[in-house]
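Q: Could you walk me through how to read packing in a model like this?

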Amino acid sequence: MVIITQNLASKIPLKYVLEYRIIPLEEEDKSIKIGAYQKDIVALKESLEFILDKKIQLIFMEEDTIERMIKIYYEHREFLAAIKKDLHERQESDKLPIAELCGYIIEKGIKGGVSDIHIEPKKGELLIKHRINGSLILVNVLEETYTDWILRRFKALANMNIAERRVPQDGKLLYSYENITVNIRLGTMPVIYGEKLVMRLLFSQEKVKGLDKLSFQREQLNSIVNMLRHKNGIILITGPTGSGKTTTLYSIIEELKRDDINICTVEDPVEIVIEGINQTNINNKAGITFSLGLRSLLRQDPDVIMVGEIRDEETASTAVRAALTGHLVLSTLHTNTAFSAISRLEDMGIREYLLKDAVLGIISQRLVKKLCVKCKVKKGNMDTYEAVGCECCNYTGYKGRLIISEAVYLPELFSYGESLSFNNIKNKHREKYGEQMDEDLNRLFKDGLIDEIEYKKYYFET
């Protein structure tokens, strides 16, 4: 996609952009190149040459490309034009509509179901990006004029110090839009051209999906169901950041939830509120850490405990002790494979014999981007597909994500002999189930659900 400057974008009157669906591409001393997909716009060419006093050179482009560029560079201008018209009718045209603009930024993210909104100041402009399906997508380019005003507005809403620009700050706010309530976590960071702001959107009314809706393969799902039949032990979910570990945790809790058991969690933060369970946010400023929260939960007569993440030796030790004393413990670890979770816990000081008694199972997972079903196309004469991009998928070619996973149910493997080392148990699992994650990936690729880029990215990252 062509990148244009705000100065060039502002030279073309908004009414011409919206009526004729055009986009400025490049400016020279005596001419301006204009992208268009409609051919019968001779009158427009003459009008622009008169207004701009420059020669207009029309470049014919794909409709999808121009529509996406109009959204990025002009959608906010159209919104602000409507707002300013309303302000003028109220005789307040001298006021910058910053509150409305900030609302527009958040509401666009909510409507898009994004996980994060990035507000990045650059030289001469302000970029708005959305994280969708794990990738950052540029959605708006705003004028530099709005940068400080937008940052101040969001800081004020989140009870942050609007005068402090030299150090990072954290804040939070609650935002409601069309019967959707969103908890927003904000974080600022000083950068070259001002402050960057990232907002994490936590949809409190988001429904927890059942385990059978998370695209686990039948083999792995059966192993997970076997883990959940136990009343005590640890179930660990591993994977890098953004691999869907928390979503899987919530789905497991939803599966376990009953009126006759007490489920307690300690999270950072609580991302989805689940009725019927007791959820606690960690608060480092107040001294509520994962380890302290977990110790406190043990005095709440829990049947099931969910710890958002095992980060340190104390949390690991307390989690193992809880599992050995009759509790079912659910948690996550940042490791690349299922069996590397065992090594990580051993590094935290947990003895192997304790792990054999405590750990029920380990689920290792990744998320791969699913091809948009509306625009994917076959790659040549092959049975594989590639991404194209359309309005439905925000011109990315991808819509949604799929899980590839490995599920290790340890009690089943201990049947080969309790004296086996974890390395031998790992080999037994491979002999029986193969490389589950690789097989998942191959199946998705052959079924045309993912493209070659996602297929190769997994092997590159591992």
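A: Contact here means heavy atoms within 4.5 Å. This is a predicted model, so local features need pLDDT of at least 70 and side-chain atom pairs count only at pLDDT 80 or more, while totals for chains, interfaces and linings use all residues. Residues are numbered from 1 along each chain as its sequence is written, and side-chain values use heavy atoms, with hydrogens and water left out.

Q: Which residues does Ile310 touch?
A: Skipping residues up to four places away in sequence, Ile310 touches Leu236, Thr315, Ala316, Ala319, Ser331, Thr332, Leu333, Leu345 and Met348.

Q: And how do I read a nonpolar core?
A: In soluble globular proteins, nonpolar side chains tend to be buried together. A core is a set of buried (under 20% relative accessible area, 1.4 Å probe, protein chains only) Ala, Val, Leu, Ile, Met, Phe, Trp, Tyr and Cys residues joined through side-chain atoms within 4.5 Å. The largest one has 36 residues, and Ile310 is among those touching the most other members, as are Ile234, Leu236, Leu345, Leu410 and Ile425. Helix H10 (residues 313-324) gives the most to this core, with five residues. Helices are DSSP runs (H or I, at least four residues), numbered from the N terminus. Another core, of 32 residues, lies apart from it and includes Leu101 and Ile184.

Q: What about two packed helices?
A: They are described by the angle between their axes and the distance between the axes. Axes are lines fitted to C-alpha atoms over the stretch in contact, with angles from 0 to 180 degrees between N-to-C directions. Helix H5 (residues 98-112) and helix H6 (residues 147-157) pack at about 75°, axes 10 Å apart. They are therefore roughly perpendicular (65 to 115 degrees).

Notes. Helix = DSSP H or I, 4+ residues; strand = E, 2+ residues; numbered from the N terminus. Parallel < 35°, antiparallel > 145°, perpendicular 65-115°, else oblique. Buried < 20%, exposed > 50% of the residue type's maximum accessible area, 1.4 Å probe, protein only.
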